[in-house]
Amino acid sequence: QHEFLAETNLLSSAEQAGLRPQHGCRMGVCNKCSCTNVSGVTQNLLTGDIEDQPNRPIKLCVSQALSPVTIDL
């Protein structure tokens, strides 16, 4: 697990912190950036859906942290 400041979508924020998570389309279509949100609250930037349940899959490229989150890359 790595800590980083998430000011944009989680994929871009992780990359800005020097991490290299898997990714593809950057549009939420290909699922290559899918990972597990271990804890915390995220919002899907495409649908507006809020995910606050632990251990749920999220797509880094279209997810924004609404609280401190722990993700399993």
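A polar atom of the Asn-37 side chain lies 3.4 Å from the backbone oxygen of Gly-40. The model is predicted, so local features need pLDDT of at least 70 and side-chain atom pairs count only at pLDDT 80 or more, while totals for chains, interfaces and linings use all residues. Residues are numbered from 1 along each chain as its sequence is written, and side-chain values use heavy atoms, without hydrogens and water.

Asn-37 sits in strand 1, residues 34-39 (strands are DSSP runs of E, at least two residues, and helices are runs of H or I, at least four, both numbered from the N terminus). Asn-37 is buried, because its relative accessible area is 0% (buried means under 20%, exposed over 50%, partly exposed in between, with a 1.4 Å probe and protein chains only). Beyond its neighbours within four places in sequence, Asn-37 has contacts that include Thr-42, Glu-51, Arg-56, Ile-58 and Ile-71 (contact means heavy atoms within 4.5 Å).

Ile-58 and Ile-71 are also among the 10 residues of the largest nonpolar core, as is Val-62 (such a core is a set of buried Ala, Val, Leu, Ile, Met, Phe, Trp, Tyr and Cys residues joined through side-chain atoms within 4.5 Å). Leaving aside neighbours within four places, Val-62 touches Met-27, Gly-28, Gln-43, Asn-44, Leu-45 and Leu-46.

Arg-26 belongs to the loop between helix 1 (10-16) and strand 1. Its phi is positive, about 65°, although Arg-26 is not a glycine. Asn-31 is in the loop between helix 1 and strand 1, and has a positive phi near 70°. Most residues other than glycine have a negative phi. Arg-26 is partly exposed because its relative accessible area is 38%; Asn-31, at 42%, counts as partly exposed.

Technical notes: Polar contact = N/O pair within 3.5 Å; in protein donor to acceptor, adjacent residues only side chain to side chain.
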